[in-house]
Amino acid sequence: MINGEILDILKKSRKNGWVLEPDAKKIFRISGFDVPQHTLASSADEAAGFANKTGYPVVAKVVSPKIVHKSDVGGVEVNIDNDKRLKTVFNRFSKMDGFAGLFVEKMVSGTELIIGAKIDEQFGPVVLMGIGGVGVELYGDTAIRMAPVGKTDVKSMIDDLKAKKLIEGFRGSRPVNIDKLSATLVKFSELVMELKEKIESIDLNPVICGGAECVIADARIILKKK
Amino acid sequence: MDFLKLFEPKTIAVVGVSLTNDRHPANVIYNKNYFRYPVKVYAVNPKGGIYYKEKVYKSIKDIPEKIDLAIIAIRAEYVPAVLSDCIERWVGSAAVISGGFAETGRGDLKKKLLKAVEEADFPIIGPNCLGIYSPGSVDSFFLPSERMVKPESGNVALVSQSGGILVDQMVKFAGQGVGLSRAVSIGNKAVVNELDLLTFFARDDMTDVIAFYIEGFGPGEGREFVQTASRFPKPVIVMKGGQSAAGSRAVSSHTASMAGDYNVFSSVMKQFGMVEARNEYEMISFCESLSCHPEPISGKVGIVTASGGHGAVAVDRCEISGLKVPPLAKKTQDNIRKKLSSSIQPIASLGNPLDLTGSARDDDFVTAASELGRLKEIDCILVLLLPYLPEVTTDVGARLSQLYQEVSKPIVAYVPHVERYRMFIEGFQLNNVPVARSIDGAILMVEAMKRYDP
């Protein structure tokens, strides 16, 4: 799954210790995962141009090697629906520490999940799946398995979640496409097995899953310390 | 590596026997094996001399016979040299009791030890441990015989990094009537680790259940451990020490901080069908249950009781533990009712739990359990036996156990554990039905079979 292009990105990111979001998204796109339509804009006009082409609403995120947790510093803005707001957001973000551009993405909707991996000292690569978004730390509703995982493991992971019903469709919310979720997680665990010597952990949070696809809305790869 | 020399030695050498201090660990080990075990025991001390009318050899190299097991209880710095002697003389195995290695920062001594044995393929337990207890064969624990509590011999192998936990578990095994095949305290596990012992016990005829107290695996060892365990059809029970250790290095990652070390451990155990005991109470219940019934169930419980209250408490606990207590159809109930003794026919309540009431006799317990044994909606039978009921006799345990042979569905019993009811308890235990001392304990025994997933 990994190729020269991916290796180049990882090599280039080494100085930061982690892979910036646009590059992480690129790795996942190359590996065949669904990511939202996006652009890395260096000016407000460029951002607006992208938004008008793909259609509002969009999400804007700050890109900076100095900011790992974007939402902690107010570096994520969702549901932006016009040029004026997009420009205000650009101006605000451009003043942030280490600003290296504005990442603009088309909004996607669905159930917010987290898919993650870490290289455990005793068990090697393990993957995690659960209810994502900001509720991750609050509810801690996740399931963990040793990688690589198969479809049966994914099924038992879903069964382990307290919020299983949310995935299966709860009170009018659309059910998640389980096959798509399963395929995404199985493939993710294969990618993790390939990257196990190079990484410390990966967070895909949120992965937005709907009736048709599972889109990686945010990705962070923490590289292994030398 | 040939582990049989370790567990069933014919000749042992105890290195470090003191001629001046009779309570020296080496002397305790020498004495108990010399007086109580069917092994030829040799004492070794560089000074030589006579101990209990037997010659003390100055070196293991002077012993005129081939040694199966060397038990070494001397100062750490002398250990590598003695191990070199062992290799030179083709000693079969060794247990290094001595402390003072990695645990006190002497990593260099561990390296020396490993260097001394690197080419030789022979098993060394320890250092810094109690070593081996193999019922009827050998005992390398430096605990005076009169203070040791030994479980009966049985089919559970117990492996512990900590010697203290091991001895404590053995005391509990004895109290609960769980039989032991072998016990090993592995200490710093410089050579032989959990994985080696797992591999040996998986093929050991004496052992049907393998129980571990684990503090931590070395890098990558956990992965190999679960993969190995899942290849063998024997239940593996694991209790983890240090569950709360905050081992999360990468604070910047959600995944790493949420997964934690213990969460990963616990999840992976479950993923590979191992039975994780979360505390020592579960540990003993799981060992007893799986030593009698080393087989998995899906967890559909039929409950036989003589008290409605006990039935209700048991159903509650089943529910919490994810076990099912399927209600019985009217027709099934009618069929069972016809077979009960006439005095309880009109008053027994048979919906599951089957409450036979305080007037129940032995026959009623046997009938109820036997009928449950026939039902496909039930895969485990829980008998809550109250030994103070007038019509219940001490035969009931043995009779119910026979039934297990017929219906081949596991039976678990609850009998209050007081001396007066020992006959009731033994009736079950001697016939291989696990008996809990509380309703909670009985449910844990059922849970163990459900968690085991070969």
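Ser307(B) is found in the loop between β15 (301–305) and α11 (308–320) of chain B; helices (H or I, at least four residues) and strands (E, at least two) are DSSP runs, numbered from the N terminus. The model is predicted, so local features need pLDDT of at least 70 and side-chain atom pairs count only at pLDDT 80 or more, while totals for chains, interfaces and linings use all residues. Residues are numbered from 1 along each chain as its sequence is written, chains are lettered from A and ligands numbered from 1 in the order in which they are written, and side-chain values use heavy atoms, with hydrogens and water left out.

**Surroundings of Ser307(B)**

- Ser307(B) counts as buried, at 16% relative accessibility. Buried means under 20% relative accessible area, exposed over 50%, and partly exposed in between (1.4 Å probe, protein chains only).
- The side chain of Ser307(B) makes a polar contact with the side chain of His310(B), at 2.7 Å. A polar contact is a pair of N or O atoms within 3.5 Å; within protein, one must be able to donate a hydrogen and the other to accept it, and residues adjacent in sequence count only if both atoms are side-chain atoms.
- Leaving aside residues up to four places away in sequence, Ser307(B) touches Asp355(B) and Leu386(B). Contact means heavy atoms within 4.5 Å.

**A sheet in chain B**

- Chain B has an open sheet of seven strands, in the order β9-β8-β11-β10-β12-β13-β14, with mixed pairing. Two strands pair if DSSP finds at least two bridges between them.
- The edge strands are β9 (138–139) and β14 (275–277) of chain B, each of which pairs on one side only.
- Strands of a sheet pair through backbone hydrogen bonds, either parallel or antiparallel.
- Strand β10 (residues 153–160) of chain B is mostly covered, with six of its eight residues buried.
- Six bridges pair β10(B) with strand β11 (residues 180–185) of chain B in the parallel sense. Ser153(B) has Leu180(B) as its bridge partner in β11(B).
- Strands β12 (residues 209–214) and β13 (residues 236–240) of chain B run parallel and are joined by five bridges. Opposite Ile214(B) stands Lys240(B) in β13(B).

**Where chain A meets chain B**

- Contact between the chains involves 34 residues of chain A and 31 residues of chain B.
- The two chains bury about 2500 Å² between them, 56% of it on carbon and sulfur atoms. Buried area is the accessible area (1.4 Å probe) that two parts lose on being put together, summed over both.
- In chain A, the residues that lose the most area to chain B are Gln122(A), Phe123(A) and Met146(A), together 31% of what that side buries.
- There are two salt bridges between chain A and chain B. A salt bridge is a side-chain nitrogen of Lys or Arg within 4 Å of a carboxyl oxygen of Asp or Glu.
- Lys118(A) forms a salt bridge with Asp261(B), with the closest N and O atoms 3.4 Å apart.
- Between chain A and chain B, 10 residue pairs are in polar contact, both residues at pLDDT 80 or more.
- Elements of chain A that each supply at least two residues of the side touching chain B include β6 (111–120), β7 (124–131) and α6 (151–160).
- β6(A) gives the most to that side of chain A, with six residues.
- The residues on the side of chain A that touches chain B divide into 16 nonpolar, eight polar and 10 charged. Ala, Val, Leu, Ile, Met, Phe, Trp, Tyr, Cys and Pro count as nonpolar, Asp, Glu, Lys and Arg as charged, and the others, Gly among them, as polar.

**Salt bridges within the chains**

- Over all chains, the count comes to 42 salt bridges.
- Arg182(B) forms a salt bridge with Glu8(B), the closest N and O atoms being 3.2 Å apart. This pair links distant parts of the chain, 174 residues apart: Arg182(B) is in strand β11 of chain B, and Glu8(B) is in the loop between α1 (4–7) and β1 (11–15) of chain B.
- Arg182(B) is buried, with a relative accessible area of 1%, whereas Glu8(B) counts as partly exposed at 30% relative accessibility.
- Arg451(B) forms a salt bridge with Glu447(B), the closest N and O atoms being 2.8 Å apart. Arg451(B) and Glu447(B) are four residues apart in helix α16 (residues 439–451) of chain B, so about one helical turn separates them.
- A network of salt bridges links Glu21(A), Lys25(A), Lys61(A), Lys70(A), Glu105(A) and Asp218(A).
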